[in-house]
Amino acid sequence: MNKQRYRGNVVLPNTVLNNAVLEVVNGKIANIVSEKDAPQHVDHDFSDCYLFPGLIDAHVHAYSGYEGEQEGLERLTKAAARGGIATIIDMPYDRPNPITTKERLEEKIELVNQESLVDVALFGTTTKFEGAQHIVPLAEAGVCAFKFSTYEADPKRFPEMPDSELIKIFKELGKAGKVAAFHAENGAIIDPLIEELRELGSKDARAHCYSRPIISETTSVLKLLELAKVYQTKLHIVHLSSPQGYDAVKWYQQQGVDVTTETCLQYLLLNEDSLTEHGALAKCNPPVREEGVRLELWNRLHNNEIDFLTSDHAPWPMTNKKHDNIFDNASGLPGVDVLFPLLFSEAVFRNNVAIAYLGRLLAKNQAERYGLAYCKGSLEIGKDADITIVDPKQSWQIDASRSESISKWSPYDGWQVQGKILQTIVRGEVVYSDGVLVKEKGYGKFVSGNPNAI
């Protein structure tokens, strides 16, 4: 029997137990002992540090890059471990073949178990037409949710789903009991604006923002909410960047629609001026918004209108971000390794977000929404001993050149961060400690969204 005791401020779903002791036996949480009952002897003393549940980044892209430029699970999960992330959920839009069948899912699961340093759950998706019949088999084989788009970035890999197909998909999702997560943008608004701005020869990187106004997001969100209402679908809106979108979600929730939302690091920390400052390094879809919208998103977070926070880690080599015309550059930012450090620093120290609430936003809510709470998401007896340990007293500076990611750049390069990750523990084993990765690829495992499929 392998038994370890950790002392520290244990972050539970609704409170923090200061100077408590967390007992881990054979990779599982065995007991949580409050300070007054805690044993004198512990194996690992992290007094004055926070012991968070192993964090979950529920929106990352390992294989969206072009051939020879893909991040891959090894690089991505190494970066995740350094960032305190114990579990990632990888998007299904792999290049060249997205995860649209059980066979492709099984191939990817094998890759996960060979390449990963931390644990990995997976999304599935469908082809643009005639793909709904694969929903139930993919769910039974272990995907935690399904990802779709209302904007067409690629007709094969990242298609706009026609409404007629969405209706078929929503019906199948009801049988599978899975969530439909959506990239919600309206190409009928966006694409003509891009062409117009291209013809004007605009050199200002902020033109990217002008090409994707808030209405291009909200019109798609409203359509999805109405479809989810009619077909009683579990809906999730990824990287929601507009206050109006949250207003719509709240109204539909009051009508009984099962809908949740996330926003990303960039929408809380960057604004339109960041495109002027960083150019394509701050280009993402949807775009970062004006300063007033950024500040309003913090208000929505304080009002419990945002269900969880993600990075939307979409790493590109610098060669994909150096074109003169902003529209010729790839969209997406790296972020899996700075998601938690920056949010701990900015949310706790500068925006008065409670520690336990931050833990829910970065672990518990994702696990519950995507069917992983049987083993992930919180420090509770019987669950995996995934622990992220952070020292709030230490400060440090982001140096993107040292990232494990294929992207050696970041719009946050040089930012000063309060709070330093000391260890990332996955299933009771330390994978990252004091600046060093101490496990090899292959330690990380696939986490099924269907426990019966394990």
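Select R289 first: in this predicted model, R289 has a relative accessibility of 7% and counts as buried, since the cut-off for that word is under 20% relative accessible area. Display both side chains and look at the place where they meet: R289 forms a salt bridge with E217, and the closest N and O atoms are 3.7 Å apart. R289 lies in the loop between helix 10 and helix 11 (291-302), while E217 lies in helix 7 (residues 214-231), so the pair ties together parts that are 72 residues apart in sequence. As background, side chains of opposite charge can pair when their charged atoms come close.

**Second stop: R369 and D258**

Now select R369 and D258. Their side chains meet in a salt bridge, with 2.8 Å from N to O. Colour helix 13 (residues 355-369) to locate R369, and then the loop between helix 8 (243-254) and strand 11 (259-264) to locate D258; the pair therefore ties together parts that are 111 residues apart in sequence.

From here, select K28, D119, K376, D384, D386 and R427 together. Salt bridges that share partners join these residues into one network.

How far apart are the C-alpha atoms of V25 and R427? They are separated by 9.8 Å, although the two residues are 402 residues apart along the chain. V25 itself counts as buried, at 19% relative accessibility.

Select R206 and D273 next. These two residues form a salt bridge in which the closest N and O atoms are 2.5 Å apart. R206 lies in the loop between helix 5 and helix 6 (207-211), and D273 lies in helix 10 (residues 272-278), so this pair ties together parts that are 67 residues apart in sequence. R206 is buried, with a relative accessible area of 18%; D273 is partly exposed, with a relative accessible area of 47%. For the whole model, the count comes to 33 salt bridges.

Move to the surface and select E160, D191, E195, E196 and E199. What do these residues form there? They gather in a patch of negative charge. Within this group, centre the view on E199, whose place is in helix 5 (residues 187-200). E199 is exposed, with a relative accessible area of 70%; the word applies because the cut-off for exposed is over 50%.

**Last stop: the whole chain**

Turn the view along the principal axes: the C-alpha trace spans about 70 × 45 × 45 Å. Of the 454 residues of the chain, 62% count as buried.

Note on methods:
Residues are numbered from 1 along each chain as its sequence is written. This is a predicted model: local features need pLDDT of at least 70, side-chain atom pairs count only at pLDDT 80 or more; totals for chains, interfaces and linings use all residues. Side-chain values use heavy atoms; hydrogens and water are left out. Patches are made of residues with over 30% relative accessible area and no salt bridge: like charges are joined within 9 Å, nonpolar side chains (Val, Leu, Ile, Met, Phe, Trp, Tyr) within 5 Å. Accessible areas come from the Shrake-Rupley method with a 1.4 Å probe; for residues, only the protein chains shown count as cover. A salt bridge is a side-chain nitrogen of Lys or Arg within 4 Å of a carboxyl oxygen of Asp or Glu. Lys and Arg count as positive and Asp and Glu as negative; His and the chain ends are not counted. The place of a charge is taken as NZ of Lys, CZ of Arg, CG of Asp or CD of Glu. Helices (H or I, at least four residues) and strands (E, at least two) are DSSP runs, numbered from the N terminus. Buried means under 20% relative accessible area, exposed over 50%, partly exposed in between (1.4 Å probe, protein chains only).
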